[in-house]
Amino acid sequence: MTAPLLQVTDLTRQYRLPREHLLAAPPLVRAVDGISFSLQAGRSLGVVGESGSGKSTLARLVMALEPPTSGRVMFDGQDLHALSPEALRRARAGLQMVFQDPYGSLDPRRKVLQTVAEPLAVLHGAPRAEQRERAAEALDAVGLRASDLDKYPHEFSGGQRQRIAIARALITRPKLIVADEPVSALDVSVQAQVLNLMQDLQDRYGVTYLFISHDLAVVDMVCDEVIVLHRGRIVEQGTPERLFQAPEHPYTQRLLAAVPGLRPAPVAL
């Protein structure tokens with residue numbers, strides 16, 4: 001079996017909270033607490049849990065946007081948090097992120113060309129002609145037109161803006177995309193379009209997804225395997241079919257019980 005594209009080992013992230021009173025030691029909270037998992041190239045791993053379960057903290061650690069308290073994130077054979085700033089900058093070409101809010105993640109003052117081509121300019125220093133050519137290719141891949149490069153974000157719908165965000169993530173031809181709640185801000189009908197697009201891009205380009213979501217129905221649709229986070233720890237892991245038909249952990253059972261009609265599941269009361 002080939003080595004996994006992403007290997008997370010004993011990952012922990014602590015935050016120190018404000019003092020409750022002058023003489024007390026600042027309390028610590030473990031947002032991520034000893035998480036380990038692996039993800040093979042071309043596969044999709046869903047990370048589910050309620051708000052505050054540690055999902056977004058995990059995404060930031062995998063992207064090396066903040067350091068772990070302990071543990072390792074191995075991406076494509078490299079320990080991301082042990083790299084020099086320059087080596088990390090080069091590694092970032094291989095992993096990109098799609099954020100939750102298609103409105104907030106695009107600068108309203110910048111044309112689509114500037115937004116989509118930015119990773120090429122920052123990571124590769126590509127000339128402007130190449131930036132425009134690659135940006136047009138990325139827009140075409142997500143179902144938009146080259147002429148859209150000269151428009152501003154306010155000229156697009158929410159679903160189209162998220163397509164632009166996905167095009168920006170694709171432009172460096174990454175091996176891994178971390179998608180943090182990528183459809184939660186969209187209408188249900190638009191969600192399906194964006195999810196179908198992401199699956200199509202995976203089929204075409206072999207992209208690997210780490211898919212962060214609180215929506216079990218979304219994860220059921222797009223992911224090969226799922227991990228369930230609760231208070232910063234993995235409490236259950238398996239295929240969507242196994243987890244959603246026969247969940248073993250009471251927390252997973254409660255999550256499923258809150259989604260009527262997803263799949264039948266026993267509920268621990």
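**Close-up views of a predicted model**

View A. Tyr15 stands opposite Val29, a residue of strand S2. The model shown in this and the following views is a predicted one. S1 and S2 are joined by nine bridges and run in the antiparallel sense. They belong to an open sheet of four strands, ordered S2-S1-S4-S5, in which the pairing is antiparallel. Its edges are formed by strand S2, residues 28-39, and strand S5, residues 78-79, each of which pairs on one side only. In general, the strands of a sheet pair through backbone hydrogen bonds, in either a parallel or an antiparallel arrangement.

**View B. Gln7 in strand S1.** Gln7 belongs to strand S1, which spans residues 6-16. Its relative accessible area is 28%, which lies between the limits of 20% for buried and 50% for exposed, and Gln7 is therefore classed as partly exposed. When residues up to four places away in sequence are not counted, Gln7 touches Phe37, Ser38, Arg72, Val73 and Met74. Ala165, by contrast, lies 158 residues from Gln7 in sequence, and the two C-alpha atoms are 26 Å apart in space.

**View C. Strand S6 and its parallel partner S7.** Both faces of S6 are covered, with Leu95 and Met97 buried on one side and Gln96 and Val98 buried on the other. S6 pairs with strand S7, residues 176-180, in the parallel sense, and four bridges connect the two. One of the residues taking part is Leu95, whose bridge partner in S7 is Leu176.

**View D. The largest pocket and its lining.** The space in the largest pocket amounts to about 320 Å³. It is lined by 14 residues, of which Met63, Gln96, Met97, Phe99 and Pro119 are the closest to its centre. Strand S6 (95-98), helix H3 (112-124) and helix H5 (158-170) each contribute at least two residues to this lining, and the largest share, four residues, is that of H3. Sorted by class, the lining of the largest pocket comprises nine nonpolar, two polar and three charged residues.

View E. Arg134 is itself part of helix H4 and counts as buried because its relative accessibility, 14%, is under 20%. The side chain of Arg134 reaches the backbone oxygen of Ile171 at 2.7 Å. Leaving aside neighbours within four places in sequence, Arg134 is in contact with Leu120, Ile171, Thr172 and Arg173.

View F. Ser53 is located in the loop between strand S3 (44-48) and helix H1 (55-62). With a relative accessible area of 4%, Ser53 is buried. A polar atom of the Ser53 side chain lies 2.8 Å from the backbone oxygen of Glu50. Apart from neighbours within four places in sequence, the residues in contact with Ser53 are Ala31, Leu229, His230, Arg231 and Gly232.

**View G. Lys55, a buried charged residue of helix H1.** Lys55 has its place in helix H1, and it is among the residue types that count as charged. Its relative accessible area is 7%, so that Lys55 counts as buried. The side chain of Lys55 comes to 2.9 Å from the backbone oxygen of Gly49. Leaving aside neighbours within four places in sequence, the contacts of Lys55 are with Val47, Val48, Gly49, Glu50, Glu181, Ile212, Ser213, His214 and Leu229. Arg43 is twelve residues from Lys55 along the chain, and 19 Å separates their C-alpha atoms.

View H. Tyr251, Thr252, Gln253, Leu255 and Leu256 are buried in helix H9, which covers residues 250-257.

Notes:
Residues are numbered from 1 along each chain as its sequence is written. This is a predicted model: local features need pLDDT of at least 70, side-chain atom pairs count only at pLDDT 80 or more; totals for chains, interfaces and linings use all residues. Side-chain values use heavy atoms; hydrogens and water are left out. On a 1 Å grid over the protein atoms alone, a cavity is a set of points where a 1.4 Å probe fits but cannot get out, and a pocket is an open set with protein on both sides within 12 Å along at least five of seven lines; lining residues have an atom within 4 Å of a point. Grid points are joined across faces, edges and corners, and a volume is the space filled by probe spheres set on the points. Buried means under 20% relative accessible area, exposed over 50%, partly exposed in between (1.4 Å probe, protein chains only). A polar contact is a pair of N or O atoms within 3.5 Å; within protein, one must be able to donate a hydrogen and the other to accept it, and residues adjacent in sequence count only if both atoms are side-chain atoms. Contact means heavy atoms within 4.5 Å. Two strands pair if DSSP finds at least two bridges between them.
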